[in-house]
Amino acid sequence: MMLASRVQGETKVDPKTALRMLNAQQQQFEKTVVQVTDNVYTAVGFHGANTSMIVGKDGVIIVDTLRGPSSAARALEAMRKYSDQPVKAIIYTHSHGDHIGGANAMVGETMPDIYATESFGSAEGVNEAVNPVKRKRNIRQFGRKLSPLEMTNRGVAPAGTADNDGGKGFLQPTVKVPKEGLKTTIAGVELEFHVAPGETDDAMFIWLPNKKVLFAGDNFYSSFPNLYAIRGTAYRNVLKWSESVGKMAALEPEFLVPGHTMPILDQDLAVAALTDYSEAIRSVYDQTVRGINAGKSPDLIAHEVRLPDHLKDKPYLIEFYGSVPHAVRAIYSGLLGWFDGNPTTLSPLHPRKEAEKMAQLAGGTQRLTEQMESALAAEEFQWALELSDHLKWLDDADKKLARKVKIEALRGLAGREYNAPNRNYYLSYANELESGALSEIWF
Ligand SMILES: [Zn+2]
């Protein structure tokens, strides 16, 4: 992959490169069943996430079940080519919907045991009160309403996943894995469950000691990890995430099966990927903490933190899904809350007041509008957005024009993005503005 035009600390490149990079990443989730090793199969690209089948003596074990029963049934059917034995156990690596919603389509005549950590479900429950807005932001992050022409992919998942039966096949866990983990044998297959907080607090990874296969769940996939999701999430414990990935590396797996994207079927590559991943997360955390203790604001630290040189071009650390600057801000607010320590920000002006002052500085609302238009013409899209946001507060402004500029600037930014959530969010928001679906507050 050509990366020469990437600017460190940015996920924006020229539009052709952005598209080429996202299209190349697509190979990570083309629909296929991968034979990981003898008796282990992973179905990639049947929906957003992966589902796997381990074939034992007198039954099979399923790891993760996709989002809904129809995609789970299709994936199972494809894997059934290799074994028609009954499903003895289902394992949920964590509680995100794209891993648990298809379980009932994988169950035969007898109900299997269903394994999950004892804290299963803790991931999203904490901020249910804000579900109305999370739903909107989720649609934008994943580009769920984008047209096929606008849509590329979701960074670690394909576009166009039909979600109308999402969650309909969910089955409650029946075996709870305690904090210390669990070793057991199912259908003659030895398994170890390791509790491993990361993308969610309720995550675990699964280790097959005899086959040296590791199922990482969403603590590893081929992209810089989503240490923060712009759809809106509670703080993800970044330090524990790094530690959990370090524990996976220490097992020296020969085969690494991620929660999304293609399995890695080479021991050196698998161990290197996990080691680098753990180090990358830790490095972003440490740099952020150093910035915080130096008294810097999240805005400044977000512009300064970089992946170390020896990691920045690793294919599994490119920011197709997670973003380093977003991670910095999440770590900042996760550790200290919203206040950046600068008394200027304790009680800032009302946005309308600030906009009036900006207009005065510019020499009036008309001059501010001209500045916004020339920013757009010069393709200074971010600045055009910021000026249009001021103009929305001014009674004497041409708000229709400001809105139109915002739409165009969002599309301009989107075209340059290879970070899929950013790209999808910009495009979705532009469409919502254009359709008039957004209230004055959102504009
Ligand atoms: Zn997932």
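**Entry 1. Strands β11 and β12**

How many bridges join β11 to β12, and do they run parallel or antiparallel? I found 4 bridges between β11 and β12, and the two strands run parallel. Two strands are taken to pair if DSSP finds at least two bridges between them. I note that this is a predicted model, in which local features need pLDDT of at least 70 and side-chain atom pairs count only at pLDDT 80 or more, while totals for chains, interfaces and linings use all residues. Residues are numbered from 1 along each chain as its sequence is written, and side-chain values use heavy atoms, with hydrogens and water left out. Helices (H or I, at least four residues) and strands (E, at least two) are DSSP runs, numbered from the N terminus.

Together, β11, α6 and β12 make a right-handed β-α-β unit. A crossover is right-handed if, with the strands pointing away from the viewer, the path from the first strand over the helix to the second runs clockwise.

I then checked the side chains of β12 (residues 255-258): F255 and V257 point one way, L256 and P258 point the other way, and all are buried. Buried means under 20% relative accessible area, exposed over 50%, and partly exposed in between (1.4 Å probe, protein chains only).

A216 is buried, with a relative accessible area of 2%. Not counting residues up to four places away in sequence, A216 touches M204, F205, M248, L256, V257 and P258; contact means heavy atoms within 4.5 Å. I also took the separation of the C-alpha atoms of A216 and A196, which is 9.3 Å for residues 20 apart along the chain.

**Entry 2**

I followed β8 (residues 182-186) into β9 (residues 189-195) and found antiparallel pairing over 5 bridges. T185 stands opposite E190 in β9. The hairpin of β8 and β9 has 2 residues between the strands, and A187 takes a positive phi near 50° there.

I next read β9 against β10 (residues 204-208): 4 bridges join them, and they run antiparallel. The bridge partner of E192 in β10 is W207.

Within β10 I looked up F205. Is F205 buried or exposed? F205 is buried, with a relative accessible area of 1%. Leaving aside neighbours within four places in sequence, the contacts of F205 include E192, F193 and H194, as well as L214, F215 and A216. I also listed S244, K247, M248 and L251 among the contacts of F205. The C-alpha atoms of F205 and D98, 107 residues apart along the chain, are separated by 16 Å.

**Entry 3. Aromatic pairs**

A pair of aromatic rings is described by the distance of the centres and the angle of the planes. I used rings of Phe, Tyr and Trp (its six-membered ring), which pair if their centres lie within 6.5 Å; planes under 30 degrees apart count as stacked, over 60 as edge-to-face and the rest as tilted. By this rule I count 11 aromatic pairs.

Y92 and F120 have ring centres 5.5 Å apart and planes at 20°, so the pair is stacked. Y92 lies in the loop between β5 (87-91) and α3 (97-100) and F120 in the loop between β6 (113-117) and α4 (122-125), so this pair ties together parts that are 28 residues apart in sequence. Y92 counts as buried at 0% relative accessibility, as does F120 at 19%.

The rings of F220 and Y316 have centres 6.4 Å apart and planes at 50°, so I recorded that pair as tilted. The pair links distant parts of the chain, 96 residues apart: F220 is in the loop between β11 (213-217) and α6 (238-250), and Y316 in the loop between α8 (298-304) and α9 (324-336). F220 is buried with a relative accessible area of 1%, and Y316 is buried with 10%.

I noted one aromatic cluster formed by Y92, F120 and F170.

**Entry 4. Helix α14**

I compared the span of α14 (residues 420-435) with expectation: its 16 residues should span 22 Å, and the end C-alpha atoms are 22 Å apart, which agrees. The expected span is 1.5 Å times one less than the number of residues. I found 13 of the 16 residues of α14 buried, so the helix is largely enclosed by the rest of the structure.

At the start of α14, a side-chain oxygen of N419 reaches to within 2.9 Å of the backbone nitrogen of N422. After α14 comes G436, whose phi is positive, near 80°.

Note on methods: A polar contact is a pair of N or O atoms within 3.5 Å; within protein, one must be able to donate a hydrogen and the other to accept it, and residues adjacent in sequence count only if both atoms are side-chain atoms.
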